[in-house]
Structure formats: structure tokens, C-alpha cells
Amino acid sequence: MKKILFSFTLFIFGVFTYAQTSFDKQITEKSTKLKNASTVQEYQTLFKEFSSLKKTKNPNQWKAYYFASLSLYKKADLLLQSKDYDSVSETNALSYKDATAILSLQPKNSDLLNLINLIEKQKKSIDQQKK
């Protein structure tokens, strides 16, 4: 009986360890793609991929929100350069929503706070250029 219980415990532990490693591996792969992305479509695709990871229960779940928000910030930056003000406002707002959604989980995360500041500056720039 002890062997069965021990084996079951090891199995459960292995499943949880694999799930966490898989999540971290996916975040790392997608963040590398984010560094190399250069088009609006690539940023949109990465946003969707990170958004699907937001549903995963993981201690590092906040990273999916962070990178989803970062991909939208970069997409908005490209849209701003092309003067597509309607799309850029929506994208910026969604980026801000994702970034602030995890602020309670990571209140002292400097990367997150810097991203929120960048998004807010981008919003001011959008408002100024719309006038």
C-alpha cells in the first residue's frame, strides 16, 4: 500500500513539474519571437498566443499578461508610426488593461511598472497627435 501511495505521489509531482516547465518553455519561446517581431500581424499573433497562456494556472501566470501587454504596446507603436489613430487607441487601451490586471500580483515588479509608464506615455502621444 505504501508503494502505491508513494508511486501515486511521484506521478502527481511529475505531472505538476512538467506542466510548470512546459509553461515556462512556451513563455521563453514566445518572448524570443517577440524580440524578433517587426510587423503588426506578428505582434497580433503573439498577443493571441500569450493570451491563450493567461488561462493557465501557474505561479508565473503574470508573465503571460506582461508579454501580451508588451506585444500590444509594440503593435501600437507601429500603428502610431503609420498614423492609424483609431486602431492605435484601441490597442493602447487593451495593452494598459492587461498590464494593470496583474499589478496586484506584482506590485513591485520594475519591468511591469516601466511598461505601464511607457503605455501611459504612448497614450499621451496618441492624444497629442490626434489633435
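How many helices and how many strands does the protein have? The protein has five helices and zero strands, where helices (H or I, at least four residues) and strands (E, at least two) are DSSP runs numbered from the N terminus. This is a predicted model, in which local features need pLDDT of at least 70 and side-chain atom pairs count only at pLDDT 80 or more, while totals for chains, interfaces and linings use all residues. Residues are numbered from 1 along each chain as its sequence is written, and side-chain values use heavy atoms, with hydrogens and water left out.

**Figure 1. Overview of the protein.** From the N terminus on, the elements run α-α-α-α-α. Of the 131 residues, 35% count as buried; buried means under 20% relative accessible area, exposed over 50%, and partly exposed in between, with a 1.4 Å probe and protein chains only. Contact means heavy atoms within 4.5 Å. Among contacts between residues at least 6 apart in sequence, 61% join residues at least 24 apart.

**Figure 2. The aromatic cluster of F50, W62, Y66 and F67.** A pair of aromatic rings is described by the distance of the centres and the angle of the planes. Rings of Phe, Tyr and Trp (its six-membered ring) pair if their centres lie within 6.5 Å; planes under 30 degrees apart count as stacked, over 60 as edge-to-face and the rest as tilted. By this rule the count comes to three aromatic pairs. One of them joins W62 and Y66 edge-to-face, at 6.5 Å centre to centre and with 65° between the planes. W62 and Y66 are separated by about one helical turn because they stand four residues apart in helix 3 (residues 61-81). An α-helix has 3.6 residues a turn, so residues three or four places apart point the same way. W62 is buried, with a relative accessible area of 17%, and Y66 is buried at 14%. Y66 also forms an edge-to-face pair with F67, at 5.2 Å centre to centre and with 80° between the planes. F67 is itself buried, with a relative accessible area of 17%.

**Figure 3. S31 and its contacts with F50 and F67.** S31 lies in helix 1 (residues 2-36). Its relative accessible area is 13%, so S31 is buried. Not counting residues up to four places away in sequence, S31 touches F50 and F67. F50 and F67 both belong to the aromatic cluster, together with W62 and Y66.

**Figure 4. Helix 3 and the residue K83 that follows it.** Helix 3 has 21 residues and reaches 31 Å from its first C-alpha to its last, close to the 30 Å expected at 1.5 Å a residue; the expected span is 1.5 Å times one less than the number of residues. Because 15 of its 21 residues are buried, helix 3 is largely enclosed by the rest of the structure. K83 is found in the loop between helix 3 and helix 4. Is K83 buried or exposed? At 56% relative accessibility, K83 counts as exposed. Phi of K83 is near 60°, a positive value in a residue other than glycine. Most residues other than glycine have a negative phi.

**Figure 5. The packing of helix 3 against helix 4 (residues 85-101).** The two helices pack at an angle of about 160°, with their axes 8 Å apart; axes are lines fitted to C-alpha atoms, for helices over the stretch in contact, and angles run from 0 to 180 degrees between N-to-C directions. Helix 3 is therefore roughly antiparallel to helix 4, given that angles under 35 degrees count as roughly parallel, over 145 as roughly antiparallel, 65 to 115 as roughly perpendicular and the rest as oblique. Helix 3 passes helix 4 in a left-handed crossing; a crossing is left-handed if the near helix is turned anticlockwise from the far one by less than a right angle, and right-handed if clockwise. Residues of helix 3 that meet helix 4 include Y65, A68, S69, L72 and Y73. Those of helix 4 that meet helix 3 include Y85, V88, T91, N92 and S95.

Figure 6. The axes of helix 4 and helix 5 come within 10 Å and cross at roughly 160°. Helix 4 is therefore roughly antiparallel to helix 5, and their crossing is left-handed. I119 is found in helix 5 (residues 110-130). With a relative accessibility of 1%, I119 counts as buried. Not counting residues up to four places away in sequence, I119 touches S69, Y73, N92, S95, Y96 and A99. I119 and S95 are 24 residues apart in sequence and 7.3 Å apart in space, C-alpha to C-alpha.
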